[in-house]
Amino acid sequence: MISCPSGHPIDGAEGEPRALRLLIGTDTYPPDVNGTAGSAYRLAHALAARGYDVHIVCQSEHGPPRVERAGGVTAHRLRSVRTRARLTKRVTVPLLLMGTLTKLLRRIAPDVVHVHSHFLVGRTLINAARQLCVPVVATTHVTPPIHPPHRAPHRAPSPAGRGSVAGNAVDDLVGALAWRDLARVFGRADHVAVPTRGAAELLADKGLTRPVEAVPCGVDLSRFRPREEPKTWARAKLGLPDRETALFVGPLDAEKRIDDLLRALRCVCRQADAQVVLVGVGPERPQLARLADTLGVGRRTHFLGHVAEDDLHLAYASADVFAMPNVSGLESVATLEAMASGLPVVAAETNALTHLVQQGKAGYLYRTGEVPAFARLLTRVLTDSELAATMGGIGRAVAVTHDHLRSLARLEEIYTGLTQTYGRRVQQLA
């Protein structure tokens with residue numbers, strides 16, 4: 001067995017090849033519902049299905065640490081505490097995290113570490129991997145704010161006040177520090193892979209010196225596809241009334257502007273027998289439930305909470321249109337899943353969606369926060385089945401070009417290349 005100076009194994013016993021061992025680090029993981037959690041989950045299980053020895057390190061959803069194994073993936077859940085942070089409702093305990101992850105790395109002895117954020121778990125795991133001579137791939141699904149403010153309308157204003165000189169100065173300073181922090185953390189990785197080409201260019205412009213390339217998260221076209229069964233079948237499975245349905249999938253956070261969807265629903269119901277179905281969990285659920293009641297659409301608003309990845313296709317199968325009031329990340333995996341499922345999309349116009357939806361083709365885009373336009377477009381799709389079918393077909397064709405197997409193959413190339421490079425370095429040091 002060849003080892004680097006830290007003792008990290010490169011080959012199996014007696015030099016025999018073994019399955020590549022991968023450790024994925026993420027600050028959010030199911031049952032969290034968001035793009036980062038879903039992407040990490042899908043990648044882990046796809047790699048396990050291809051014969052990789054896959055481990056996940058993430059926060060415990062309940063608090064106490066534990067190890068669980070499902071679908072060929074071993075999840076090492078770290079002790080966590082409750083928080084109202086945007087990415088997840090719980091975070092790992094910072095105290096002694098470096099020591100915990102260093103011990104975990106020594107025990108697992110992965111060939112490659114792949115972090116999915118630059119927050120607590122991600123940055124600490126990168127530091128531990130560097131100490132133990134383990135190659136690192138880094139991915140981010142979110143970026144710091146980009147100013148001027150009109151380019152990021154979903155961001156909350158600084159405490160100094162919206163549009164004030166002091167407020168803009170604070171926003172600029174916070175944004176600059178956040179970008180510097182991301183570049184510093186990911187600058188210690190061997191390779192950086194982000195979901196879109198625009199994000200890759202942006203990170204390079206912001207000072208990241210490591211190689212950056214676009215590797216889309218992609219979508220599983222076999223799981224997310226148009227269903228032959230009638231929508232009544234899926235609605236019955238989920239316990240939903242048989243009505244025209246607008247679906248949202250994602251965290252119930254304030255920045256998602258789900259309140260805009262509920263306000264739009266009130267207008268839509270004047271012309272259609274419609275309902276909204278919300279898949280996801282988050283701190284805004286109580287407020288959204290109260291708002292729905294206040295607007296008179298409480299009985300037409302259904303909270304499904306967390307839906308397991310294996311059952312998520314049922315939510316898309318139950319819907320007539322996918323509604324996305326706001327996207328804060330680099331891409332919207334949920335929107336891509338909806339398109340792969342043959343759903344037309346009505347969404348707020350963001351960089352993450354413009355290239356996917358394409359105005360008037362796979363759906364409609366409107367300016368974030370413009371509820372009357374949101375309602376008008378939802379009504380148009382829900383009351384015109386021929387239009388909805390045409391847009392859904394176009395969306396499916398777009399989704400086909402984002403097959404997750406292509407992205408998976410590229411990541412495998414990156415992993416293999418890094419292990420070979422590190423292997424040569426070890427041989428030179430031996």
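**Exercise 1. Find the residue that follows helix α10, and say what its phi is like.**

Step 1: You land on G342, which has a positive phi, near 85°.

A quick word on the ground rules. This is a predicted model, with residues numbered from 1 along each chain as its sequence is written. Local features need pLDDT of at least 70, side-chain atom pairs count only at pLDDT 80 or more, totals for chains, interfaces and linings use all residues, and side-chain values use heavy atoms, leaving out hydrogens and water.

**Exercise 2. Work out the strand order of the six-stranded open sheet, and which strands are at its edges.**

Step 1: Strands count as paired if DSSP finds at least two bridges between them.
Step 2: Follow the pairs and you get β13-β12-β11-β14-β15-β16, with parallel pairing.
Step 3: β13 (301-305) and β16 (363-366) are the edge strands, as each pairs on one side only.
Step 4: Zoom in on β11 (residues 244-249) and β14 (residues 321-324): two bridges join them, and A246 has V321 as its bridge partner in β14.
Step 5: Helix α7 (residues 258-268) packs on this sheet and touches β11, β12, β13 and β14; contact means heavy atoms within 4.5 Å.

**Exercise 3. Compare the salt bridges D259 to R263 and D190 to R130: where do the partners sit in the chain?**

Step 1: Recall that a salt bridge is a side-chain nitrogen of Lys or Arg within 4 Å of a carboxyl oxygen of Asp or Glu.
Step 2: For D259 and R263, the closest N and O atoms are 2.8 Å apart. Both residues lie in helix α7, about one helical turn from each other, because they are four residues apart.
Step 3: D190 and R130 meet at 3.1 Å, N to O. This pair links distant parts of the chain, 60 residues apart: D190 is in the loop between α4 and β9, and R130 is in helix α3.
Step 4: Check the cover: D190 is buried at 17% relative accessibility, whereas R130 is partly exposed at 22%.

Technical notes: Axes are lines fitted to C-alpha atoms, for helices over the stretch in contact, and angles run from 0 to 180 degrees between N-to-C directions. Buried means under 20% relative accessible area, exposed over 50%, partly exposed in between (1.4 Å probe, protein chains only).
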